[in-house]
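Colleague: I am new to this structure and would like a close look at one part of it. Could you take me through a single sheet, strand by strand?

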Amino acid sequence: MDIIVIGGGSGGTLSANLLAKQLSNEIRGGQVRVHLISGSQHHIFQPGYLHVAFAGQDPAEIVREERSLVRPDVQLIEEAAERIDLRSQAVTLVSGKRLQYDYLIVATGSVPSPEAIPGLSDASLNFHTGPDESRKIWDTIQEFDRGHVVVGIAGVPHKCPPSPNEAAFLADDYFRKRGIRDKVKLTFLTPYPRAYPAEPMSRVVEPRFKERGIEVVTFFNVESVDPARREIYSLEGDSVSYDLLIVVPPHRGSDVVIRSGIGDADGWIPTDKNTMRIVGHENAYAVGDATNIPVSKTGVTAHLQAITATSNIVSAIQRRRELYKYNGRIHCPFEMGSGKAAFVIGSYDTPVKEVHPTRIRYMMKKSFAKFYWRTLSGNWDWIFNIYFGKTHMVETA
């Protein structure tokens, strides 16, 4: 019996390790094989992009070799998937090799797509595309002495909902430390009617933006950018001029999902929000950013969804007749400058609540950045269970 996991990010790496751990007897007996398909040899701690961009962190510090993070009983395939055929239960690699599966988990993430907006690729820097792009922001702001810095959101959905706001707070911190904040105008653009999408957290953000002199422009849906004029235009007919533009680009589903025709128009996979099954397929699952589930696209979300998907597969293989259901829990770290952070917390049944930033929460966020690599092993979920509480329901299938 073959289980294939596609994607070497947070959700995919954890899924493969959890499966190997929980099916260790079946693997030793030769009844089960777990394959992890990863198009990259490297694994990146993506929340670290912010600190590469605005604090000068060395990009090498947020990268590990994927092979070092995978259990030895997982068969790691360091080659990208070219096509997924859900009907025939097969995955074709870029080399042309075709692999059959009995169970599948798609964890192919999301792709920043600045080219979707005319002029954006040439005009804006961003910290979502990768560590090298993030480093360009750091190099640029060190040479920036005065002018108008525009930070914001150029399209939704995108990875890590708090990250655009975090960028504004960290940019403010940086210019204050340099003693030139009075020479820098800082504006935050958002398509939402408030500074943060969820109103309870916006009530936390808005007074802090005001206190720091960060102007907020709401209902600004980016249509195009003119790099020569340094103007950004909205669908509503408004425009904002800038000297330095740092906006989060629109995101889409992965290339393999789009090529395979298993996603919607933007490449998001239709997924049952509780069981994590791909709609219409009992033995195929999707987790993390790859899904069309309307929850935050974050590493914590991918982690919790991976637990649900792998638990359902293990239950089916071991004939336990248990069905696991993810409850929509989100828990996004939210750095608000001055060495303080909050968390965006909610679930399907519990609306996001108002959480104020503290130094302790900042230290928790920093600690997680170091602990992250260990969480991928699947050996530390007992800590998550204590901290997050109940994140899934178990029913008799």
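Modeller: Strand S14 and strand S15 (residues 231-234) pair in the antiparallel sense over four bridges. Pairing here requires that DSSP finds at least two bridges between two strands, and the strands themselves are DSSP runs (E, at least two residues; helices are H or I, at least four), numbered from the N terminus. Please keep in mind that this is a predicted model: local features need pLDDT of at least 70, side-chain atom pairs count only at pLDDT 80 or more, and totals for chains, interfaces and linings use all residues. Residues are numbered from 1 along each chain as its sequence is written, and side-chain values use heavy atoms, with hydrogens and water left out.

Within this part, Val225 stands opposite Ile232 in S15. Widening the view, S14 and S15 belong to an open sheet of three strands, ordered S14-S15-S16 with antiparallel pairing. Strand S14 (222-226) and strand S16 (239-241) stand at the edges with a single partner strand each, so one side of each has no neighbour in the sheet. On average, neighbouring strands of this sheet are turned by 20 degrees against each other, direction ignored; the axes behind this angle are lines fitted to C-alpha atoms (for helices, over the stretch in contact), and angles run from 0 to 180 degrees between N-to-C directions. In general, strands of a sheet pair through backbone hydrogen bonds, either parallel or antiparallel.

Ile360 is exposed, with a relative accessible area of 62%, where exposed means over 50%, buried under 20% and partly exposed in between (1.4 Å probe, protein chains only).
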